[in-house]
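Please keep the model open while reading.

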Amino acid sequence: MQQIKAYGAINKDADLKEMTITRRDLNDNDVSIDILYCGVCHSDIHAKNNDWGNAKYPIVPGHEIVGRVLEVGNKVATYKKGDLVGVGCMVDSCQTCSACQDDLEQFCENGMTGTYNGKDRIGGAESDHTFGGYSTSITVREEFVLTIPENLDLKAAAPLLCAGITTFSPLNHWKVKKGDKVGVVGLGGLGHMGIKFAAAMGAETIMITTSPSKAGDAKRLGASGVLISNNAQEMKEHHASFDFILNTVPVKHDINPYLNLLKRDATMCMVGAIEPLEPMHGGSLILGRKRVAGSLIGGIKETQQMLDFCGDNNIVCDVEMISIEEINQAYKRVQENDVNYRFVIDMKSLKN
Ligand code: NAP
Ligand code: ZN
């Protein structure tokens, strides 16, 4: 067992602060990783604030982890010391149920193990509660470690491990293709990657935002147009014209205006608000045979596919670097809709 430095919260009202956690000794199938950078996802904030009612404290968030392999167990075949690797939102699953067999570990029927606030299946650390990437190192079984393409800027690649796969997976699953009109709702960490991916897949990509001030950024990120969602006239002009909408809004909201933007037989996929929504009007779906769907991150195989796609197309995230001491201020700014477009912690600041 190894004691390491981490940053976490002891209850929902506490600021994050430095603490000591333990990591298990290396097992045969484990990879131990020196964490270089960790992204700050809005989910980290939901979890710390116990917005989903399942928080166990202390909580050490962080599931957009990149770093270098420090050491590998005897049976590890894929990785060696020094490799550039990543860890996303999961560190384990049963590996035997039908979801795991279908490379959809995020839907493991026996429950995937979250990178933080999860229940560890392996043991060997002081607590069976998992601790995330706001820490100096992490030990993860080989199957849940990803390869980061060497040509990508490592710090800007960190958020690919959650924001990247969460937006890539639904665009991939619903087969977004050249010529489709795709809307991405919410220009934050997830939304800015949704725009980049949809544009790279050849779609006509429209940023659907509540913030007129973000229009310039949306276009720079690859949007061909910008739709201000609280402008009724603009919403009317785009009525029934979208093939697919990816909705990243992080809070309860009224989805009916977005459903009116869908073409007949088109789908809106929800990835943001994991909570009750405003009531949906049946007519919004029935008139036009429309669908509302959801999506959770992506499986390990698809996450590697996304990373390779980013390597091939030179896609990374737009990041604002912070030191670990700035994390509480960064949380405040994300909640105030003031992030361009993902905070990433330089973990050197925790190692001094
Ligand atoms: P974020 O950086 O805070 O971005 C969210 C964006 O949504 C904001 O920038 C804002 O964009 C828009 N927005 C905020 N409040 C709104 C409101 N009341 N009405 C309409 N639009 C609003 O958050 P994020 O990190 O991208 O995460 C987004 C959500 O996805 C979070 O709830 C997170 O927990 C969840 N998440 C889900 C998964 C999954 O697997 N499904 C994975 C990761 C994260 P505009 O200013 O452009 O309107
Ligand atoms: Zn996340």
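Is Cys-162 buried or exposed? Cys-162 is buried, at a relative accessible area of 5%. Buried means under 20% relative accessible area, exposed over 50%, and partly exposed in between (1.4 Å probe, protein chains only).

## Basis

This is a predicted model, where local features need pLDDT of at least 70, side-chain atom pairs count only at pLDDT 80 or more, and totals for chains, interfaces and linings use all residues. Residues are numbered from 1 along each chain as its sequence is written, chains are lettered from A and ligands numbered from 1 in the order in which they are written, and side-chain values use heavy atoms, without hydrogens and water.

## Zinc site

Cys-41 (SG), His-63 (NE2) and Cys-162 (SG) coordinate the zinc ion (ligand 2) at 2.0 to 2.2 Å. Donors are N, O and S atoms within 2.8 Å of the metal (3.2 Å for Na, K and Ca); water is not among the atoms, so sites may look incomplete. Along the chain, the donor spacing is C-x21-H-x98-C.

Cys-41 sits in the loop between strand 3 (30-40) and helix 1 (42-48), and Cys-162 in the loop between helix 3 (154-157) and helix 4 (163-173), so the pair ties together parts that are 121 residues apart in sequence. Helices (H or I, at least four residues) and strands (E, at least two) are DSSP runs, numbered from the N terminus. Cys-41 is buried, at 2% relative accessible area.

The structure holds 0 disulfides, a disulfide being a pair of cysteine sulfur atoms within 2.5 Å. For Cys-89, the nearest cysteine sulfur is that of Cys-162, 3.6 Å away. Cys-89 counts as buried, at 12% relative accessibility.

Cys-108 is in no disulfide either; its nearest cysteine sulfur, that of Cys-94, is 3.7 Å away. Cys-108 is buried, with a relative accessible area of 8%.
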